[in-house]
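Colleague: Could you walk me through this model? I would like to go from the overall fold down to single residues.

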Amino acid sequence: MDWLQTSARLMIVSDLDHTMVDHHDSENLSLLRFNALWESNYRHDSLLVFSTGRSPTLYKELRKEKPMLTPDITIMSVGTEITYGNSMVPDEGWVEVLNQKWDAKIVKEESSKFHELELQPDTEQRPHKVSFKVDKDKAHVVTKSLLERFEKHGLDVKIIYSGGMDLDILPQGAGKGQALAYLLKKFKTEGKLPNSTLVCGDSGNDAELFSIPDVYGVMVSNAQEELLQWHAENAKNNPKIIHATERCAAGIIQAIGHFSLGPNTSPRDVMDFLHFKLENVNPGHEVVKFYLFYERWRRAEVKNSEPYLASLKAACDPSGVFVHPSGIEQSLCEIVDSLRSYYGDERGKRFQVWVDQVLPVQISPDTWLVKFKKWESSGGELKCCTSTAILSSKDATTVSDGLTWVHLHQTWFEESASKDHSIWPV
């Protein structure tokens, strides 16, 4: 996150399960639509925050299962853990805040006296979160009794019930809303308060996000009754909070457009790249567009026609070089020519390509150095390369002519599930 030296244009703070991630969408279409929109238009000057009830263990499992982007900030365990960047560096200041009037040992001892509570797995028990499962019809009575017991011990705790089964006991200062408020205060102190913040959720443990002043909010169309009820009782007259008509990530895209927070047309919604032009040079969009065409070409979702390849070739510098992860070098124009033999080889298969952390740096008035991760999924097998590209606009007659690929160098990503050393196109 150190790359962002000024206030973020937009900060999106989103729940994961059933909000950013649609578990009923086996093709992950809405998530991939959001990914393409974010990387092409927002990654370079905005912040993506995932706020999840999941523990670090379950969060990492989800990342292996779904084509998720890498967030700039991760809030986990129902707002009790805040981490930054790829390395997930913890926020020690937040830990100090949560230690006040909290004793996990007493919480566990008192909770064990309630037979209605079923302790969740060890992975879900965190330093500032004790988690159970309880039937919906018993949750209210148990919650009231627990709070009375904790108060007698001098503890200041809160209990959050969500999903019709999950009961989490946290310090009073914890929660998704408080974690966001802490971040906003921190940004304000640093002089980097985001220009706009959009919060996104679907269940009861997301309600606190919508309580933060001056944020925009979207309850996705599949939001649960507990969140809709909270909204009806507390925020029904707030014009900054909407109930989307689209599910999950598609609802987030809808909200970006509804509140005019920025571009809301995902490159995945554009069918004809030959005639699609941007008003301004955008290296992120160029990278997303290139690999989206590559995916569609191999899935035979675009016509096998020379104009497409000619357009792609025209976007490559005649002396441009591609360095494969194996170390083999080829000209970029040769790579484009080689695509002919790959047309439709993934037709009818669950073949998907997406890019992550597309970060361009302008190194001269007409040249950009762009770093990103390129992911490729086919038949459940994942491959990932860290990529460095050089893009130039110096040969463009007008800005709308786009950018020229001068160089592309890929290396295998350490966490990639597969490191197949056979040649792949790009």
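This is a predicted model: local features need pLDDT of at least 70, side-chain atom pairs count only at pLDDT 80 or more; totals for chains, interfaces and linings use all residues.

Colleague: How many helices and strands are there in the protein chain?

Modeller: Residues are numbered from 1 along each chain as its sequence is written, and side-chain values use heavy atoms, with hydrogens and water left out. Helices (H or I, at least four residues) and strands (E, at least two) are DSSP runs, numbered from the N terminus. Counted that way, the protein chain has 11 helices and 18 strands.

Colleague: What radius of gyration does the protein chain have beside that of a compact globule?

Modeller: The radius is taken over C-alpha atoms, and the globule rule is 2.2 Å times the number of residues to the power 0.38. For 426 residues that rule gives a value near 22 Å, and the chain agrees with it at 24 Å.

Colleague: What percentage of the residues in the protein chain is buried?

Modeller: Buried means under 20% relative accessible area, exposed over 50%, and partly exposed in between (1.4 Å probe, protein chains only). Of the 426 residues, the buried share is 54%.

Colleague: What share of the contacts with a separation of 6 or more joins residues 24 or more positions apart?

Modeller: A contact here means heavy atoms within 4.5 Å. Among contacts in the protein chain with a separation of 6 or more, residues 24 or more positions apart account for 64%.

Colleague: Is Lys101 buried or exposed?

Modeller: Lys101 sits in the loop between α3 (92-98) and α4 (104-111). Its phi is near 55°, a positive value in a residue other than glycine, and most residues other than glycine have a negative phi. With a relative accessibility of 57%, Lys101 is exposed.

Colleague: And Gln357, is that residue buried or exposed?

Modeller: Gln357 belongs to strand β15, residues 351-364. The phi of Gln357 is near 55°, again positive in a residue other than glycine. Its relative accessible area is 16%, so Gln357 is buried.

Colleague: Which residues is Ile363 in contact with, leaving aside neighbours within four places in sequence?

Modeller: Ile363 also lies in β15. Leaving aside neighbours within four places, the contacts of Ile363 are Trp368 and Leu369.

Colleague: What is the relative accessibility of Thr83?

Modeller: Thr83 is found in strand β4, residues 81-84. Not counting residues up to four places away in sequence, Thr83 touches Asp72, Ile73, Thr74, Met76, Met88, Val89 and Pro90. Thr83 counts as buried, at a relative accessibility of 5%.
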